[in-house]
Amino acid sequence: MKPSIAGALVALLLVQSCVRAGDGPDAPLAPELLYRNSQCGGLDQPAVTWIASPEEWRRLYGLATNSRMNPPPAPAVDFSREGVLLIAMGQRPAAGYGLNLSDTVTFEDGVLTVWVDWREPPPGTRQAQVVTNPCLLVQLPSVAFTRVRVVDREDRVRLEGSRQRSAEPGDPDDRRP
């Protein structure tokens, strides 16, 4: 009797290890914030970019952290199971702009939707006159999305992109809005 109980426990553990956040339609995914800063050098244009390889990761992490004197090393990412989403607000003329990750990321009908706190200073308020370039780097399970949307807390779409490589931040042909 004991061997069958042990076998059942092993089977249950194996099944549970195969289940991950995000399975099923419109299921939430488990995002992990890898990096956030208001000074992401070289990310002057608004952009959302899916990073799916170690080479892209090293290049874009280096670009995002190049304004820091001693940037932290790039976190390890298992690109066989995960990817990293770069969300860049682009260059802004004053303090008061910023990005924070919400805990809500969904995948439905081929669309990966990421909710963020997209902060802008209220009109007419005084802000320090310093150029900022807010960005986030978010690790996510690699799901079969074709489009990605970045949505603020008021459900306004702030950025859209696709999984296919297009112009990325820092590319000479970067023509993002």
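## Contacts of I87

Leaving aside residues up to four places away in sequence, I87 touches A47, V48, L99, V114, V116, P134, C135, L136, V150 and L159. Here a contact means heavy atoms within 4.5 Å.

## The model and its confidence

This is a predicted model, in which local features need pLDDT of at least 70, side-chain atom pairs count only at pLDDT 80 or more, and totals for chains, interfaces and linings use all residues. Residues are numbered from 1 along each chain as its sequence is written, and side-chain values use heavy atoms, with hydrogens and water left out.

The mean pLDDT (the predictor's confidence in each residue, from 0 to 100) is 82 for the protein, and 77% of its residues reach 70 or more. In residues 5-23 the pLDDT is below 50, and this stretch has 11 contacts beyond near neighbours in sequence. The pLDDT is also below 50 over residues 171-177, a stretch with 20 such contacts.

## Overall layout

The protein has two helices and nine strands. Helices (H or I, at least four residues) and strands (E, at least two) are DSSP runs, numbered from the N terminus. Along the sequence their pattern is α-β-β-β-α-β-β-β-β-β-β.

Of the 177 residues, 42% count as buried, meaning under 20% relative accessible area with a 1.4 Å probe and protein chains only. Among contacts with a separation of 6 or more, 74% are between residues 24 or more positions apart.

## Nonpolar cores

A nonpolar core is a set of buried Ala, Val, Leu, Ile, Met, Phe, Trp, Tyr and Cys residues joined through side-chain atoms within 4.5 Å. The largest one has 24 residues, and L85, I87, L112, V114 and V116 have the most contacts inside it. At least two residues of this core come from each of β3 (47-51), β4 (82-88), β5 (98-108), β6 (111-119), β7 (135-141) and β8 (147-151). A second, separate core has 18 residues, including Y35, L43, V77 and L86.

## Helix α2

Helix α2 covers residues 54-65. Its 12 residues should span 16 Å at 1.5 Å a residue, which agrees with its end C-alpha atoms being 16 Å apart. The expected span is 1.5 Å times one less than the number of residues.

In α2, E56, W57, L60, Y61, L63, A64 and T65 are buried. The buried residues of α2 pack against β2 (32-37), β3, β4 and β7.

Strands β5 and β6 pair in the antiparallel sense over eight bridges; two strands count as paired if DSSP finds at least two bridges between them. T106 stands opposite T113 in β6. The two strands form a hairpin with two residues between them, and D109 in the turn has a positive phi of about 50°.

Key. Buried means under 20% relative accessible area, exposed over 50%, partly exposed in between (1.4 Å probe, protein chains only).
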